[in-house]
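Dear colleague,

I am handing over the structure below, together with some notes on what was found in it. Please read the notes with the structure open beside them.

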Amino acid sequence: MLQFLLGIMASATGAAGAVAYLGYKGNAHTRWNEVCNMYDSFCSYIAGSVTLSLLPSIALLLLIWLSVLVLSKKIMR
């Protein structure tokens with residue numbers, strides 16, 4: 001169950017990172033301009049949100065590793 005939650009959280013973090021990169025660099029093929037040039041606060045807000053979503057993803061990964069470690073010790077007994 002925790003692996004499923006980690007997958008959802010990691011995909012959400014990746015999607016937020018993709019939107020941040022698209023806003024920062026733009027896309028010449030689809031004619032999307034850079035957003036950071038027009039809206040300075042967008043880049044700071046999206047950077048904060050990606051950072052804040054990355055921290056719980058790492059914490060959840062550490063909890064999964066901890067639960068695997070505890071379960072492996074119980075199995076070895």
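A polar contact is a pair of N or O atoms within 3.5 Å, where, within protein, one atom must be able to donate a hydrogen and the other to accept it. Please keep in mind that this is a predicted model, and that a contact of this kind, at 3.3 Å, joins the side chains of serine 57 and threonine 13.

Serine 57 belongs to helix α2, which covers residues 40-76, and because its relative accessibility is 8%, under the 20% limit, serine 57 counts as buried. If its neighbours within four places in sequence are left aside, serine 57 touches Leu6, Met9, Ala10 and Thr13.

As for the two helices themselves, the axes of α1, which spans residues 2-25, and of α2 come within 9 Å and cross at roughly 160 degrees. Since angles over 145 degrees count as roughly antiparallel, that crossing makes α1 roughly antiparallel to α2. The crossing of α1 and α2 is left-handed, and the contact of α1 with α2, sorted by residue class, has 18 nonpolar and seven polar residues but no charged ones.

Methionine 76 is also found in helix α2. Is methionine 76 buried or exposed? With a relative accessible area of 71%, methionine 76 is exposed, because the limit for that class is over 50%.

Technical notes:
Residues are numbered from 1 along each chain as its sequence is written. This is a predicted model: local features need pLDDT of at least 70, side-chain atom pairs count only at pLDDT 80 or more; totals for chains, interfaces and linings use all residues. Side-chain values use heavy atoms; hydrogens and water are left out. Helices (H or I, at least four residues) and strands (E, at least two) are DSSP runs, numbered from the N terminus. Buried means under 20% relative accessible area, exposed over 50%, partly exposed in between (1.4 Å probe, protein chains only). Contact means heavy atoms within 4.5 Å. Axes are lines fitted to C-alpha atoms, for helices over the stretch in contact, and angles run from 0 to 180 degrees between N-to-C directions. Angles under 35 degrees count as roughly parallel, over 145 as roughly antiparallel, 65 to 115 as roughly perpendicular and the rest as oblique. A crossing is left-handed if the near helix is turned anticlockwise from the far one by less than a right angle, and right-handed if clockwise. Ala, Val, Leu, Ile, Met, Phe, Trp, Tyr, Cys and Pro count as nonpolar, Asp, Glu, Lys and Arg as charged, and the others, Gly among them, as polar.
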